[in-house]
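Hi,

Here is the structure I promised to pass on.

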Amino acid sequence: MNQELNELHYLQLLAKSFPTAAAASTEIINLSAILNLPKGTEHFLADIHGEHEAFLHVLKNASGRISQKVNEIFGEYMPLQAKKDLCTLIYYPEKKLELVKARTEELDEWYRMTLHQLVKVFRVISSKYTRSKVRKSLPQEYSYILEELLHTRTEEANKTAYVNVIIDTIISTDSADDFIIALANVIQRLAIDQLHILGDVYDRGPGAHIIMDKLSEYHSWDIQWGNHDILWMGACAGNDACICNVIRLSLRYANLQTLEDGYGINLMPLATFAMETYKDDPCEAFIPILNPTNKDRYDQKTLRLMAMMHKAITILQFKAEAQIIKRNPTWLMDDRKMLEHINFNYGTCDINGKDYKLTDTSLPTVNPENPNEFTEEERLLMEKLHHSFRVSEKLQRHIRTLLAHGCMFATYNNNLLFHASIPLNEDGSLREVEVIPGTKCSGRLLLKRIGMLVRSAFANDTPKEEKQYARDYFLYLWCGRDSCLFDKSKMATFERYFIAEKETHVEEKGWYYKLRDKDDIAAERMADTVLDAFGVTGDNRHIINGHVPVHVKKGESPIKANGKLMVIDGGFAEPYHKETGIAGYTLVYHSREFELVQHEPFTNVEDAVREGRDIKSRAQIVATTGHRLHVEDTDRGKELKQQIEDLRKLLYAYRHGLITETKR
């Protein structure tokens with residue numbers, strides 16, 4: 001009886017949106033039709049690492065999909081260079097228009113031809129969407145005209161004249177530029193239905209803030225937080241160790257644009273402190289690593305200053321980390337309080353019971369009696385840096401965007417998405433991990449609890465002690481042994497700076513990484529265990545993640561576990577290009593197949609506009625669905641089917657007098 005009353009109450013609420021039987025019937029017809037449209041195209045990217053130009057270009061060209069469509073539409077009837085120019089116009093309409101107007105004499109004729117070409121591309125790209133969805137993607141001021149151009153059939157003579165008049169009038173009213181820009185932007189938008197970012201927007205490259213600006217306005221996207229995102233989120237939340245790590249990595253790669261230009265972080269106090277403290281120190285291990293694009297940007301004086309700042313923030317980091325580790329003994333990370341392991345009399349460090357000679361013994365701010373204590377100058381410096389991160393309005397806004405669009409994992413159309421790993425035991429079973437002291441969990445529940453803990457660090461109603469622990473936990477997520485974003489024996493930052501022996505630099509990977517790189521049978525067994533644990537079902541199910549660059553030039557494959565696991569970190573960031581041999585992957589999920597698109601390095605926007613250069617990409621089909629997928633085969637389809645079922649119940653209630661129609 002209660003169930004019937006609850007259902008009737010629900011139907012009464014539904015009736016407010018569909019007040020008549022006719023309205024309910026119309027919506028059933030509409031939703032049923034949508035179920036039979038082709039599935040929208042999903043794009044998966046991982047480990048963008050601040051490479052904003054390459055990332056933005058991949059969005060603009062839809063990982064080569066727009067170029068492919070232009071070739072299909074115009075084939076051999078259009079010269080290759082003309083097709084390149086048309087694609088470039090779609091990617092960068094404002095810049096390309098400037099160039100065209102400077103070079104073209106018969107501009108009206110060019111406008112006429114180009115508008116017709118763009119309308120053809122627009123029709124093909126939009127064909128898998130409903131009119132309603134396309135309408136919502138159109139700029140309001142041009143929506144009526146664009147809809148007329150889209151839906152008018154030019155095969156009929158009268159309609160051809162109608163379209164020609166529209167285009168001629170657009171040109172004669174000096175509106176051609178605006179319409180071309182509008183069409184180009186709509187084509188870009190419709191080419192990607194859903195964008196999945198599998199973590200690590202931040203660090204390495206110069207434009208993480210630019211990427212976040214773009215994502216903040218993007219039409220449909222989600223993110224599974226990566227370890228570098230978590231580091232910046234921790235810094236934003238006020239974790240001093242995360243703040244130090246963020247600054248250290250920026251100095252290590254001579255990349256201060258995101259910190260200073262993007263978020264207005266004041267590094268002057270750090271520079272002043274470093275010049276006073278390390279003025280006579282060569283800081284050789286702390287000289288920034290330069291890439292081809294920034295090697296000529298800095299003179300020797302600037303690099304010298306950056307090296308001193310780099311060393312200063314690194315020592316500050318070791319102290320801040322040790323203080324947090326001391327507050328959290330259940331993490332079992334006392335062995336990573338590295339300054340405590342130094343024998344200052346002999347200039348050695350004890351690692352796993354063996355003494356190693358330090359390559360650098362100049363540690364003027366470290367007190368051997370209390371090595372993890374800040375000096376007064378360091379304490380004041382840390383307060384200033386902490387304040388700068390906490391008051392950066394743009395950083396706070398971008399981190400809120402990450403919180404709004406992401407979490408630790410997602411399941412989407414029978415695919416399990418996460419950044420790095422799932423903690424496992426040697427036998428491939430799920431490893432139980434302690435998130436909140438005293439309670440352990442694994443798999444799906446583990447990642448859900450971590451996500452809730454991360455959010456509690458930013459929630460105003462979190463009790464003080466809980467918020468402190470949540471802030472501290474960002475450090476564990478960054479470098480804790482059982483962290484799903486790290487999953488290694490240790491983070492050997494201290495060893496890489498201060499000890500020459502490579503044996504101390506080794507970070508042994510967890511069982512998730514070991515098992516996925518074993519033979520396909522073991523890897524598939526592991527993948528099935530993880531997929532089952534997260535409730536991902538179906539014959540065509542996959543794990544998709546990034547984090548560990550795939551060394552293509554060494555013969556490594558991104559496809560593992562007999563195709564059930566896809567690792568799509570191809571090295572977007574420039575420092576990885578030599579290591580991986582490529583410049584990133586995009587995994588594209590069409591209605592018929594998965595396509596792995598392998599990118600070569602992007603030059604720059606100017607070359608793309610001037611010469612029609614695109615990112616050279618090579619696509620490889622890595623999985624097929626066996627048949628064309630429609631909306632009814634997706635998660636969205638399940639929701640629509642449930643809505644149809646509810647509407648049918650409402651229709652029954654109207655027709656049998658259980659609910660009265662409301663005439664308006």
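My notes cover a sheet, a pocket and the cysteines. Keep in mind that this is a predicted model.

**Sheet**

Three strands make up an open sheet, ordered β4-β5-β6. Their pairing is antiparallel. β4 covers 342–343 and β6 covers 354–357. Both stand at the edges with a single partner strand each, so one side of each has no neighbour in the sheet.

I looked at the second largest pocket. Its volume is about 830 Å³. The lining counts 30 residues, and those closest to the centre are Ile-34, Tyr-129, Lys-133, Asp-193 and Arg-636. By class, the lining has 10 nonpolar, 10 polar and 10 charged residues.

**Cysteines**

How many disulfides does the structure hold? The count is 0. Two cysteines show why. For Cys-349, the closest cysteine sulfur belongs to Cys-479 and lies 16 Å away, which is too far for a bond. Cys-349 is also buried, with a relative accessible area of 0%. For Cys-407, the closest cysteine sulfur is in Cys-484, at 10 Å, and that is again too far for a bond. The cut-off for a disulfide is 2.5 Å between the sulfur atoms.

Best wishes

Definitions and conventions: Residues numbered from 1 in each chain as written. Predicted model: local features only at pLDDT ≥ 70, side-chain atom pairs only at ≥ 80, totals over all residues. Heavy atoms only, no water. Pairing = 2+ DSSP bridges. Helix = DSSP H or I, 4+ residues; strand = E, 2+ residues; numbered from the N terminus. 1 Å grid on protein atoms, 1.4 Å probe; cavity = no way out; pocket = protein on both sides within 12 Å on 5 of 7 lines; lining within 4 Å. Points joined across faces, edges and corners; volume = space filled by probe spheres on them. Nonpolar A, V, L, I, M, F, W, Y, C, P; charged D, E, K, R; others polar. Buried < 20%, exposed > 50% of the residue type's maximum accessible area, 1.4 Å probe, protein only.
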